[in-house]
Amino acid sequence: MTMRVNLAYHRWRKLKSGIMSVVSFASAVLVVAPLGFVLFYLIKVGAGAVDWRFFTQLPKPVGEVGGGMANAIVGTLVLLGLASLIGVPVGVLGGVYLSEYGGEKVNWWIRFGADILNGVPSIVWGIVAYALVVIPMKGFSAYAGGVALGFMMIPLIMRTTEEVLLLVPNGYREAALALGVPRWKVIVLIVMKTAVKGIVTGVLLAAARIAGETAPLLFTAFGNRFWTHKLSDPIAVLPLQIFTYAISPYDDWHRQAWAGALVLILMVLAINVGVRFLTRERFSGAER
Amino acid sequence: MTPNLLEKQREDRGERSHRSLNLGGALAAQTTPERPAEAGAANKSAQVAFLVNHLNAWFHQLEALSNVTLQIPATAVTAIIGPSGCGKSTFLRCLNRMHELVRGARLEGEIRLFGENIYGPQVDATLVRRRVGMVFQKSNPFPTMTIAENVTVGLRLNGIRHRALLAERVEKALQMAALWEEVKDRLDKPGLSLSGGQQQRLCIARALAVQPDVLLMDEPASALDPIATMKIEELIQQLKKEYTIVIVTHNMQQAARCSDYTAFFYMGRLIELDRTEKMFTNPGNKQTEDYVTGRFG
C-alpha cells in the first residue's frame, strides 16, 4: 500500500515544506544580521580612532585634534559600581523574598510592579533620580547617575534571582530544614549557593543592560570633560560622551564617537561572553 | 527551653552525655484509637518515643489527619501503611514539625517526644528537627557538596567547626549507613557522583551525623531497585538497635519484612496499630484485613 502515493500531491507538499524552511531560516538570519552589521560598521569606522591615547587621555579642548575618553571609560565603570551597590542587594533580596517567603497575593503584586518597572522608559528613571538626588544635592553628580541606573537594575535582578531560586528543587530545602538548620541558613547556604551561578548571571546581564543607558544620565551624571575626583561632582560616561561628540560639528569628535560606541559595545559583548562562560556547564542545581 | 533540648545543644558541641533513654527491648504497645494513650506517664516515656494525642492536621480547609492517637515505641521500627492520600506522609511530617512548613498547613493536638511536648510554646522547631532526622523518598544530596560535606552539613551549618570531630562523624555516620567501604577513598567527590541507592544511603548518613533520637523515613526505597532496596532494609535492621525508626511505605511486603510494629492509616484516620506479625496475620480490624490481603488500596 505504501507505494501508492499521489505523486503530484507529494511534490507540492515537499515544495511547501522547502519554502517554509527557507523563510524561517531567512528570519533567523535577519535576527542575527543587525549584530553583524553593527559590529562590522563600528569596527570599520571606529577602529581607526581606538588607540592607546583613546584609553589614556582626557578629551582635548575644542579645536584641538586628538585626546581620548579615559575619563568616560572609568566613569562608566564607576557608575556601574554605584548602581550595583543599590541594584544588587535590593534586587537579590527582593528575589529571595519572592521565591522563599512571599505569599501568593503579595508576590503577584510585586511581580506585576517589577514587570511594569522593567517597562518604564529609562528617561523617567533620570527624572526620578533628578528629583531624589540632584535637587536636594543642588547639582549633578555621579551619585545621581548611580541612583538612576541602580533603580533600573532592581527589577531586572529581582526577577532573574527569583527565577533561578525557584529552579532549586524543594527537596534540598526540606532536606536541610529536616537537619535542624535554621531557615535563613538554608536559604543562604543551600538554596542561594546552589543557584549562585544563575544569580551572578542575572546581575551581569542587568549590568550589561544598563551600561549603554544614556537617557537617565542626561540630567543626573551630566558628563564631564575632566577627571571626577568626588562622587558628588558630575561624571563622564561613555554613552553621554558619544552623544555629545556625535551631535558636534567636528570630524575628529565624530571619529571618537564611533570609537566610543565600539568600546561600549565590546564591553557589553565581553559581559555577555562572560555570562556564557559562567553558564557553560548547566547549574548543577537545575539538572534534577 | 526544656532540659532535653539543652542537652541536645551540649551534645552538639561534642560533649555527648549519656542519653537517658532505655535501649532495651521495645514494649508491646497495643494502642488502638479506642484506647487513648496516657499522656505524661513517666514510666512509659522511657520506652515510648512518640506519644501522639488527638492529632488533627489540615491543608487549608482539607483535613488530612483526624483525631490520631497512638504511641510509637523507642528503638524499634514502626511502619506506617495505607493507600495514597491516607495521611501517612502528613503524619510523618507532623513528627518533626515539617508539616507546618507547607503554606496553609496547620495542626491541633499533642505530640510528645520522650515525654516532651514538641509543639510546646517554648520549643524551637529547628531543635526538634535535629532530634528527629528525616530521609525522603527522592534522594537529595546537596549538589554543591562533596560526599564528606554532605554528611557533615547538618553539623557545619549549626556552627561546628572542629575538624577532628567532623572527620570522626563522617566515618561513623557513613559506617552506620553501610556506605563507608564504598566511598572511603573518594570522600571529596561530589555527592551526586554516587548511584541512586548510594545517594539514598548518603542521605541516611547525613541524617545520622547530627545524632538524632529518631529517624523518619518517607518511602526511602520506593525509587530504588530491588538490590538497593534490600540494602536499605538491612540497614534499617542495624539502625533499630540504636534508633527509633518510623517508616512510611507503600510496599506491604517491606512493612512485613522490616518493621516491628505497623500502623494502618485510612482516610486520615488511624485504623489500627499493632505488632507487625499480628497486623499481617490476624488483624483486629476488618479494614486492615482487607487492605493487607490486597482486597483494596
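Student: Which residues of helix α3(B) are buried?

Tutor: In this predicted model, the buried residues of α3(B) are B:K88, B:S89, B:T90, B:F91, B:L92, B:R93, B:C94 and B:L95. A residue is called buried here if 20 or more other C-beta atoms lie within 10 Å of its own. The helix, residues 88–95 of chain B, is mostly covered, with eight of its eight residues buried.

Student: In what order do the strands of the open sheet in chain B stand?

Tutor: The open sheet has four strands, and their order is β2-β1-β4-β5, with antiparallel pairing.

Student: Why is one side of β2 and of β5 in chain B left without a neighbour in the sheet?

Tutor: β2 (62–73) and β5 (116–117) of chain B are at the edges, and each has a single partner strand, so one side of each lacks a neighbour in the sheet. As for β5(B), two bridges connect it to strand β4 (residues 105–113) of chain B, and the two run antiparallel. There, B:L113 has B:E116 in β5(B) as its bridge partner.

Student: How are two packed helices described?

Tutor: The description uses the angle between their axes and the distance between the axes. In chain A, the axes of helix α3 (residues 70–101) and helix α6 (residues 142–166) come within 6 Å and cross at roughly 30°. The crossing of α3(A) and α6(A) is right-handed. Their contact comprises 22 nonpolar, ten polar and two charged residues.

Student: Into which domains is chain A divided, and how far apart do their C-alpha centres lie?

Tutor: Chain A has domain 1 (7–49) and domain 2 (52–286), and their C-alpha centres are 32 Å apart. Seven residues of domain 1 of chain A are in contact with eight of domain 2 of chain A. On the side of domain 1 that touches domain 2, five residues are nonpolar, two are polar and none is charged.

Student: How many residues of chain A are in contact with chain B?

Tutor: The size of an interface is often given as the accessible area lost when the parts come together. Here the contact is given in residues: 17 of chain A are in contact with 22 of chain B. On the side of chain A that touches chain B, the elements giving two or more residues are α7 (170–178) and α8 (183–194) of chain A. The largest share, six residues, comes from α7(A). By class, this side of chain A has nine nonpolar, five polar and three charged residues.

Terms used:
Residues are numbered from 1 along each chain as its sequence is written. Chains are lettered from A and ligands numbered from 1 in the order in which they are written. This is a predicted model: local features need pLDDT of at least 70, side-chain atom pairs count only at pLDDT 80 or more; totals for chains, interfaces and linings use all residues. Two residues are in contact if their C-beta atoms, placed from the backbone, lie within 7 Å. Ala, Val, Leu, Ile, Met, Phe, Trp, Tyr, Cys and Pro count as nonpolar, Asp, Glu, Lys and Arg as charged, and the others, Gly among them, as polar. Domain bounds come from an automatic or database domain assignment. Axes are lines fitted to C-alpha atoms, for helices over the stretch in contact, and angles run from 0 to 180 degrees between N-to-C directions. A crossing is left-handed if the near helix is turned anticlockwise from the far one by less than a right angle, and right-handed if clockwise. Two strands pair if DSSP finds at least two bridges between them. A residue is buried if 20 or more other C-beta atoms lie within 10 Å of its own, exposed if 12 or fewer, and partly exposed in between; C-beta atoms are placed from the backbone.
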